[in-house]
Amino acid sequence: KNLGLHAQIQFDSLRVEVAGSDRYFELEPEFAIMDPRGFREFSHELPLQSRAFTGWRCGSKKTCAVSLDKNAFLAFCARNQVRTPRIYARASDVTSAVVVKQVRPGKRGIIRGPFARDAIPAECLQPPNEVILQEFVPGQVLEAWYWNGQLFVVQILNRPSVVGDGVSPIRDLIACNSLHPDWIDWAAAEDALRFQGETIDTVLPSGKELAVDIRFNTAVQMPAFGPENALNTIVGTPVHEQLLHAGPVFFNALPADIRPHTQFVLGAIIDSQQRLWFTD
């Protein structure tokens, strides 16, 4: 209203038109199929399996090398002195716990681990998988949202976990705390538990907590420990300073022809010393 614009929604398609004397925009709705086990599919048409409306998008999605290829991302970070977890060229070079990631994740990608240096499954390293072995950094997971390199949303989560009741095996605790039983990634849970010396059938003592995944998007529901947008709570902290510095750096990773008017998201781990380790 302050800009002299008016909006009109088309209820048959949920498209939105925003217009004024000197400007006009058409916004497409976006629906999502959320499945932490595999693809996260987005569409401007409502899929039958959709469980979420994610808002409106202006124009088509943009992509670039640093978002499509882990090696390109890591090379950019190295050139710009951005902190990332260490990468090992071969399994024989590994000296720490690691996670296994696809070089080109596609729509979803795979993440296996964490694994101790001598416990990396052979099937993770065999063709046709093109993977990287990345040092596992314990900590909270973070996603930071930028518009034209300026930070506007920060989401911080603890690793997905379950708390024992002294009776139930971990398998049942995961099932009871998941959004949908068909979405549970049991391989991810088994990796996380094995790394902590437990199994899916362990009965946890009452009150004991164990992590059951390492990813930001997961089927396991986590109780909120802060606001959905944590930006105001981190102002003046080392985390905030690092995010403010990272925005313009990664904005320049975008090709010049798609750089203006672009939203992008950075993923990172916050370690115990409040250092950020950028992962994608």
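Predicted model: local features only at pLDDT ≥ 70, side-chain atom pairs only at ≥ 80, totals over all residues.
Q: Why is the pair of F136 and F195 called edge-to-face?
A: The structure holds seven aromatic pairs. In the pair of F136 and F195 the ring centres are 5.5 Å apart, which is within the 6.5 Å required of a pair. The planes stand at 80°, and an angle over 60 degrees counts as edge-to-face, so the pair receives that name.

Q: What makes the pair of F136 and F195 a tie between parts apart in sequence?
A: F136 lies in the loop between strand 9 (131-135) and strand 10 (140-147), whereas F195 belongs to helix 4 (residues 186-195); the pair therefore ties together parts that are 59 residues apart in sequence.

Q: How do you know whether F136 is buried or exposed?
A: F136 has a relative accessible area of 13%. Buried means under 20%, so F136 is buried.

Q: Why is F195 called partly exposed?
A: The relative accessible area of F195 is 33%. This value lies between the limits of 20% and 50%, so F195 is partly exposed.

Q: Why is the pair of F250 and F278 called tilted?
A: The ring centres of F250 and F278 are 5.8 Å apart, and their planes stand at 50°. Stacked requires under 30 degrees and edge-to-face over 60, so the pair is tilted. This pair links distant parts of the chain, with F250 in helix 6 (residues 238-251) and F278 in strand 15 (residues 276-278), 28 residues apart. F250 and F278 form one aromatic cluster with F73 and F76.

Q: What makes F250 and F278 count as buried?
A: F250 has a relative accessible area of 4%, and F278 has 5%. Both values are under 20%, so both residues are buried.

Q: How do you know that the charged end of R83 sits over the ring of W277?
A: The charged end of R83 is 5.6 Å from the centre of the W277 ring, and the distance limit is 6 Å. R171 is likewise placed over the ring of W186, 5.7 Å from its centre.

Q: Why can I9 belong to a nonpolar surface patch?
A: I9, in strand 1 (residues 6-9), has a relative accessible area of 32%. Patch residues need over 30%, so I9 passes this cut-off. I9, F11, F53 and W56 make a patch of about 450 Å².

Q: What makes strand 6 and strand 8 the edges of their sheet?
A: Four strands form an open antiparallel sheet in the order 6-9-7-8. Strand 6 (87-88) and strand 8 (111-115) each have a single partner strand, so one side of each is left without a neighbour in the sheet.

Conventions. Residues numbered from 1 in each chain as written. Heavy atoms only, no water. Patch = residues over 30% accessible without salt bridge, like charges linked within 9 Å, V, L, I, M, F, W, Y side chains within 5 Å. Areas by Shrake-Rupley, 256 points an atom, 1.4 Å probe, with all protein chains shown as cover. Salt bridge = Lys/Arg side-chain N within 4 Å of Asp/Glu carboxyl O. Helix = DSSP H or I, 4+ residues; strand = E, 2+ residues; numbered from the N terminus. Buried < 20%, exposed > 50% of the residue type's maximum accessible area, 1.4 Å probe, protein only. Phe/Tyr/Trp six-rings, centres within 6.5 Å; stacked < 30°, edge-to-face > 60°. Lys NZ or Arg CZ within 6 Å of the ring centre and 35° of its normal. Pairing = 2+ DSSP bridges.
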